[in-house]
Amino acid sequence: MDSEDKKTKLNPESWVDRYADYLFNYTISRVGSEEAAKDILQDTFVAALQASGRFKGDAAERTWLVAILKHKIIDYYRKSNTLKAKSEVPLAYDYTSDGELPERQIADPLSIGENDQIENVELGMAIEECLSQIPEKHAQVFSLKTIENWNTEDICKELNISPSNLWVMVHRARTALMDCLNTQWFKNP
Amino acid sequence: MISCEKAALICSKTQYREAGLWEQFQLRMHLFICKTCTEFSRRNAKLTELCSKASVKTLTREEKYDLKIRLKKEGDTKS
């Protein structure tokens, strides 16, 4: 490792486990395409690795990665503009519903789905944000169980832990999430 | 009577419908007398609801693995 033992240290080996999902969702919410987001994410990590010598340790690791990611997203838009000579901003939006453009649908007073969609993306980001602040293992177990819906037995086998161990980690993660997620999410409807 | 910590842990388990019958019974008895855990239980259920409606995308394990390999290669060529 380099001699950056003051301030924040970079730890590229743990980037993927710690930040990939957070950065992935961040990117999807801005470019609207999962495939593009994957490419951008990879470019970001590679760029970050190449620039790691210039990291001064003033910012948190994730903040620094997000800063690089933002540049990559801008690059993505530049490239796609020169390629296709058009500049629409794709929203993270399900076009398959009835093939109507979202800007037309917003005019429809009966459809309130768009706000839900945006809110759910925000919620997802908030959850990812909180998960990146708790111990890695807890976050991993929680995600597998809650977001990817693995069953308990498979997770235990995969991570070589006991069920009671799993539940303690899931529980810790849940408790941390409840504290971390903004109280606005917990308001009763 | 079980402790609040134990009750809270069972409560998290019930969010996945994986608490045993005896555990469920113990929890219910506890919630009967404990306001704090009842509130915790409400928030826990709300969290389950939030997680299911949040749009969270995750990379698959293979994709993460590929990314790691890619980064490792990059790191090796750099040094």
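First, the conventions. The model is predicted, so local features need pLDDT of at least 70, side-chain atom pairs count only at pLDDT 80 or more, and totals for chains, interfaces and linings use all residues. Residues are numbered from 1 along each chain as its sequence is written, chains are lettered from A in the order in which they are written, and side-chain values use heavy atoms, with hydrogens and water left out.

On confidence, the model scores ipTM 0.84 and pTM 0.70. pLDDT is the predictor's confidence in each residue, from 0 to 100. Chain B averages 91, and 97% of its residues score at least 70.

Chain A has 8 helices and 0 strands. Helices here are DSSP runs of H or I with at least four residues, strands are runs of E with at least two, and both are numbered from the N terminus. Of the 189 residues in chain A, 43% are buried. Buried means under 20% relative accessible area, exposed means over 50%, and partly exposed is in between, with a 1.4 Å probe and protein chains only. Contact means heavy atoms within 4.5 Å. Of the contacts in chain A with a separation of 6 or more, 61% join residues 24 or more positions apart.

Now the cores. A nonpolar core is a set of buried Ala, Val, Leu, Ile, Met, Phe, Trp, Tyr and Cys residues joined through side-chain atoms within 4.5 Å. The largest one has 41 residues, and L131(A), F142(A), L166(A) and L181(A) touch the most other members. Two or more residues each come from α5 (113–131), α6 (136–147), α7 (152–159) and α8 (163–180) of chain A, and from α1 and α3 (35–53) of chain B. The largest share, 7 residues, is from α8(A). A second, separate core of 31 residues includes W15(A), L41(A), L65(A) and M125(A).

What does L181(A) contact beyond its neighbours within four places in sequence? The partners are A126(A), I127(A), C130(A) and F186(A), plus L47(B) and L50(B) from the other chain. A126(A) sits in helix α5 of chain A. A126(A) and C180(A) are 54 residues apart in sequence, with 8.8 Å between their C-alpha atoms.

Next, one helix pair. The axes of α7(A) and α8(A) come within 10 Å and cross at roughly 100 degrees. Axes are lines fitted to C-alpha atoms, for helices over the stretch in contact, and angles run from 0 to 180 degrees between N-to-C directions. The two helices are therefore roughly perpendicular, a label for 65 to 115 degrees; under 35 is roughly parallel, over 145 roughly antiparallel, and the rest oblique. T152(A), I155(A) and C156(A) of α7(A) meet P163(A), L166(A) and W167(A) of α8(A).

Last, backbone exceptions. Most residues other than glycine have a negative phi. N160(A), not a glycine, has a positive phi of about 60 degrees. N160(A) lies in the loop between α7 and α8 of chain A and is exposed, at 71% relative accessible area. R17(B), also not a glycine, has a positive phi of about 55 degrees. R17(B) is in the loop between α1 and α2 (21–33) of chain B.
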